[in-house]
Amino acid sequence: MAKTITVLRGGAGLRATTQISSLRACHAMSDQGETRTARSGLMSRIGSKDTKPEVVVRKGLHARGERFRLHRKDLPGKPDVVLPRHRTAVFVHGCFWHGCPDCDRGQRRPKSNTAFWNAKLAANQTRDARDVADLQNLGWRVETIWECATRDPSRLNIILDRLVRSWDSPSHE
Ligand SMILES: [Zn+2]
């Protein structure tokens, strides 16, 4: 799939949630197909593995002396970073795939197959919301760090500092 994803603004909204439940089944399949292809395209454009958003977040937490585990498959949504000591699960979300509210990339829609993409991306968000709710019901605190924040060191530092401070505060367990 060499098609580039073009920006389409002001199209059908994120919440155009038609046939989400039936879409969920094909979501897993398409993750093996065009999603992975698009992702690897994204990766190659980013270049170095060290700039990968998850790695940047992990380094930031490690630099702050935090211990964590990765991709705990036993937890809803397989959070990217889990800090058991703080009972906190962190998702590092790609802006396009998960509908970032903070940047243009989160509002992009591919120009072709618009209905498919609207439904797929809406299904992603529905699943994300369900994972957050499930984790919270299990007593986990959930933080989402957007890819665009990981590309901006000062913004990421603010987010991580705030997170670490909140763990240090007396109101935290
Ligand atoms: Zn973003």
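In what order do the elements of the protein chain run from the N terminus on? In this predicted model, they follow the pattern α-α-α-β-β-β-α-α-β-α-α. The protein chain has 173 residues, of which 25% count as buried. Among contacts between residues at least 6 apart in sequence, 64% join residues at least 24 apart.

The strands may be considered next. The 4 strands form an open sheet with mixed pairing, arranged in the order β1-β2-β3-β4. At its edges stand β1 (69–70) and β4, each with a single partner strand, so one side of each is left without a neighbour in the sheet. Within the sheet, β2 and β3 pair in the antiparallel sense over 3 bridges. The bridge partner of V82 in β3 is A89.

In soluble globular proteins, nonpolar side chains tend to be buried together. The largest nonpolar core here contains 21 residues, and V57, V81, V90 and I145 touch the most other members. At least two core residues come from each of α3 (53–63), β2 (81–83), β3 (88–93), α4 (95–98), β4 (141–146) and α7 (153–168). The element that gives the most to this core is β3, with 4 residues. One of the residues named above, V81, touches V57, R58, L61, F68, L70 and V90, when residues up to four places away in sequence are not counted.

Which of its residues are buried? They are P53, V56, V57 and G60. These residues cover an arc of only 95° around the axis, which puts them on the same side of α3. An α-helix has 3.6 residues a turn, so residues three or four places apart point the same way. What covers the buried residues of α3 includes β2, β3, β4, α6 (147–150) and α7. After α3 comes G65, whose phi is positive, near 80°.

The buried residues in α5 are N118, A119, K120, L121, A122, A123, N124 and L135. Following α5 is G139, which has a positive phi, near 90°.

Note on methods
Residues numbered from 1 in each chain as written. Predicted model: local features only at pLDDT ≥ 70, side-chain atom pairs only at ≥ 80, totals over all residues. Core = buried A, V, L, I, M, F, W, Y, C linked by C-beta atoms within 7 Å. Buried ≥ 20, exposed ≤ 12 C-beta atoms within 10 Å, placed from the backbone. Contact = placed C-beta atoms within 7 Å. Arc of directions from axis to C-beta. Pairing = 2+ DSSP bridges.
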